[in-house]
Amino acid sequence: MFNIERAGEESRKLSYNNKNCVSCGICAEVCPTSSLRLGPIVPIARGLIEMDPISVNEDSCVFCGLCSVACPFDALSLSIDGVSVKEMENYPVWDTECDVNDDDCIYCGRCYTVCPQDSIIFERNLPNPADLVRGEISIDDEKCIYCSFCADLCPAGAIIIKNNPASSVDKLGNSIEVDLDKCIFCGVCKRVCPEDAIRQVCATCMYSDEIETPEVTGEVFIDDTSCVSCSWCSETCPEDAITITKPFEGTLDLVEEDEKVCKGDSCHACQDVCPCNAVTIVDGKSVTNLTYCNLCGACVTACPQNIRVVSRTSMKLGNINSESWNEILNGLIGK
Amino acid sequence: MPVKIDENLCGHIDNCPVQGLCIKLCEQGAIIEEDGDVKIVPENCDDCDLCIQNCPNQAISKA
């Protein structure tokens, strides 16, 4: 994290949020004054060094904001007199999207499980199981001998036996109860009871017309500041309810030659720095699944063999009005 | 080809900014700590070059 400021006719402030930084180094690549530096990203990713991936030279930074608009991951932000340039109409803007369509979402939670950045905020409400069944159950505690066959076998965990050893000799310390929020009137308890102490009737089928259709409601949204556009969520969603637009299109290749070969199992630097969980080591070699790759290029920097090549063919950064900025920003693609 | 360490550049664990980063990075056991110093075990080296790339003192190179 850093916040650097320059006061003058207008007050300019550059803020860096390391939580959103994926160590791609795009900011350092575009900085016209070479004021940003990418640190040792592999040791950082492995937790061997505690420092920010990016550091800034406050003395040479001219607060132009190029880094802030180029960062596809919202890790850097330049504000002028308190307003972020990302909200100013004459500054470049990323036309990326991460959105869940509430109408299509069934709240299965798969997106939440696969997100490598924990960027999905997910909550769901299941109906009360008791509302989905009908029946009756009662236990005669005069007959009950507290053997707990029923409680141990109950598939719903609905039978609660409390036992007080001090007075259990006369049964007074024992109690048995059925939790009606859990009981599904299956009758296992009745059948196993050696003392015939349980009465149970299931009427779920009889009342099936009356019983409401279970409805799952919930809330899900993607935190767009920490989302890295990997698209694990949209690929995993069974309802096609999620739209992810990646910042770049293109490819990422492993180009081995002579002595420069991937040492996948020994090294796996690419896998460690990848923010997208897109890299796996298969048969000793790094394999990148482009479906999940956001072409950030962190793995390219991390690779000690220098054999990873990212080729971006287009990007979703638009509204670039300055010719010099256009030249620098377009340097991110076409290589 | 395994790696070698330049004795003059190496921080020798105590003076290394990360107290032996190369040892911590190498999962092959090709760089180990011995008598408080860094030692190369050439037969374990897989030539991944991770140590070369990340040594803060640029003390490691190809042998």
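# Notebook: two chains, one predicted model

I started with S23(A), which lies in the loop between β2 and α1 (26–30) of chain A. Helices here are DSSP runs of H or I with at least four residues, strands are runs of E with at least two, and both are numbered from the N terminus. S23(A) has a positive phi of about 65 degrees although it is not a glycine. Is S23(A) buried or exposed? I found 26 other C-beta atoms within 10 Å, so S23(A) is buried. The cut-offs I used: 20 or more other C-beta atoms within 10 Å of a residue's own make it buried, 12 or fewer make it exposed, and anything in between is partly exposed, with C-beta atoms placed from the backbone.

**Ground rules.** This is a predicted model, where local features need pLDDT of at least 70 and side-chain atom pairs count only at pLDDT 80 or more, while totals for chains, interfaces and linings use all residues. Residues are numbered from 1 along each chain as its sequence is written, and chains are lettered from A and ligands numbered from 1 in the order in which they are written.

**Two more residues.** I found Y146(A) in the loop between β10 (135–139) and α5 (149–153) of chain A. Y146(A) has 19 C-beta neighbours inside 10 Å, so it counts as partly exposed. Next I looked up R191(A), which sits in helix α6 (residues 188–192) of chain A. R191(A) is exposed, with 12 other C-beta atoms within 10 Å. From R191(A) to C150(A) I get 8.7 Å, C-alpha to C-alpha, though they are 41 residues apart in sequence.

**Cores.** A nonpolar core is a set of buried Ala, Val, Leu, Ile, Met, Phe, Trp, Tyr and Cys residues joined through C-beta atoms within 7 Å. The largest one has 87 residues, and those with the most contacts inside it are C27(A), V273(A), A298(A), A302(A), C22(B) and C51(B). A second, separate core has 13 residues, including C150(A). Contact means C-beta atoms, placed from the backbone, within 7 Å.

**A sheet in chain A.** Four strands form an open, antiparallel sheet in the order β1-β2-β5-β6. β1 (2–6) and β6 (83–84) are its edge strands, each pairing on one side only. Strands count as paired if DSSP finds at least two bridges between them. I found five bridges joining β2 (residues 12–16) to β5 (residues 76–80) of chain A. L14(A) has L78(A) in β5(A) as its bridge partner.

**Chain B.** I read the pattern β-α-β-β-α-β along chain B. The radius of gyration of chain B is 10 Å, close to the 11 Å that the globule rule gives for 63 residues, so chain B is as compact as a globular protein of that length. That radius is taken over C-alpha atoms, and the rule is 2.2 Å times the number of residues to the power 0.38. Of the 63 residues, 37% count as buried.

**Where the chains meet.** Eleven residues of chain A are in contact with 14 residues of chain B. On the chain A side, α2 (41–45) and α8 (264–267) each give two or more residues.

**Confidence.** Chain B has a mean pLDDT of 93; pLDDT is the predictor's confidence in each residue, from 0 to 100. I also noted ipTM 0.94 and pTM 0.85 for the model.

Conventions. Two residues are in contact if their C-beta atoms, placed from the backbone, lie within 7 Å.
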